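Me: I am new to this structure and would like to learn how to read it. Could we go through it feature by feature?

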Amino acid sequence: MWKYKTIRAVFTGLFVLSVFLVAYLHITSVWPKVFLVSLICVWFTYIIVGVFRMRAQVFLPSVCSLAIPGKKNILLTFDDGPHPQITPLILDTLAAHKAKAVFFCIGKKLALYPQLAARMVAEGHIIANHSYNHSNLIGMYSTQRVVEEIRQTEAEIERITPSLKLYRPPFGVTNPNIAKATSALNMKVIGWNTRSFDTVSRSGEKVLSRITANLKNGDIILFHDTQEVTSTILADFLLFVRNKGFTFDIDSLK
Ligand SMILES: [Zn+2]
């Protein structure tokens, strides 16, 4: 796929050309104007898709599925913790089913609950970086501010275990500043291809049916270890998936 910079250069060229046709040549035909408006619409659609859909890989490369050849493996990921009540329940269930997961932790919560992060590591899970503050406005941050968010969280992780330098942007939002920050810090960006929607759905049944509908080797599932509904359906989910012959291996990220 073409890189963002190439597409931006092509659009800039087309934009200048169409403005020139409309403004300076005084072409009476309506088509240059239609072309200009269409160009602007396509450009904004491209940017919006790029910002909110990490899998489109518009601004940076990201891992959104991780198939292990010859295996049926699913990568379980839990975002936004550690949470003092929910995370221990999630860890208990994972331990009971001998399943491993990646926890994308918020830096300031790692600072508050380092004992939970230590437990994650002691039980064989990976802790990874999900920014320090998880701000709603992180999409507006300068490169330097994103760098600080990632660095502060790396420092919290390093207090507990050597970091694997894995980063998941809050809300899956990416843009040129986030791309520059992750590249400068040499972070590997991890997305997902299956959302549980456990932050919006209160119905365990709905969450369960959504994530078990089309499971395949390499799926990366997005859960949150801050949601009660997740802790209530996790055991059923692990049993169902294991009965289908899947494993929950995280070694390919190590
Ligand atoms: Zn998050």
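Me: In which hand, left or right, does α1 pass α2 in their crossing?

Reply: This is a predicted model, and in it α1 passes α2 in a left-handed crossing. The contact is built from I7, F11, L14, F15, S18, V19, L21 and V22 on the α1 side, and from P32, K33, F35, L36, L39, W43 and Y46 on the α2 side. Sorted by class, the residues of this contact are 13 nonpolar, one polar and one charged.

Me: How are α1 and α2 placed, in angle and in distance between their axes?

Reply: Two packed helices are described by the angle between their axes and the distance between the axes. Here α1 covers residues 4–23 and α2 covers residues 31–52; they pack at about 155°, and their axes are 9 Å apart. Angles over 145 degrees count as roughly antiparallel, and α1 and α2 are therefore roughly antiparallel to each other.

Me: At what angle do the axes of α8 and α9 cross?

Reply: The axes of α8 (residues 204–212) and α9 cross at roughly 40° and come within 9 Å. That makes α8 oblique to α9. The crossing in which α8 passes α9 is right-handed.

Me: Which residues of α8 and α9 meet?

Reply: From α8 they are G204, V207, L208, I211 and T212, and they meet V229, T232, I233, D236, F237 and F240 of α9. This contact has seven nonpolar, three polar and one charged residues.

Me: Which residues touch the most other members of the largest nonpolar core?

Reply: In soluble globular proteins, nonpolar side chains tend to be buried together. The largest nonpolar core in this model has 51 residues, and F103, I127 and A128 touch the most other members. Helix α9, residues 228–243, gives the most to this core, with six residues.

Me: What does A128 touch, leaving out residues up to four places away in sequence?

Reply: With those left out, A128 touches V102, F103, F104, L164, L166, Y167, R168 and I190.

Me: What is the phi of K98, and where does K98 lie?

Reply: K98 is not a glycine, although its phi is positive, at about 50°. K98 belongs to the loop between α3 and β2 (101–105).

Me: What share of contacts joins residues at least 24 apart in sequence?

Reply: Among contacts between residues at least 6 apart in sequence, 77% join residues at least 24 apart.

Definitions and conventions: Residues numbered from 1 in each chain as written. Predicted model: local features only at pLDDT ≥ 70, side-chain atom pairs only at ≥ 80, totals over all residues. Axes fitted to C-alpha atoms, helices over the stretch in contact; angles between N-to-C directions. Helix = DSSP H or I, 4+ residues; strand = E, 2+ residues; numbered from the N terminus. Parallel < 35°, antiparallel > 145°, perpendicular 65-115°, else oblique. Left-handed = near helix turned anticlockwise from the far one by under 90°. Contact = placed C-beta atoms within 7 Å. Nonpolar A, V, L, I, M, F, W, Y, C, P; charged D, E, K, R; others polar. Core = buried A, V, L, I, M, F, W, Y, C linked by C-beta atoms within 7 Å. Buried ≥ 20, exposed ≤ 12 C-beta atoms within 10 Å, placed from the backbone.
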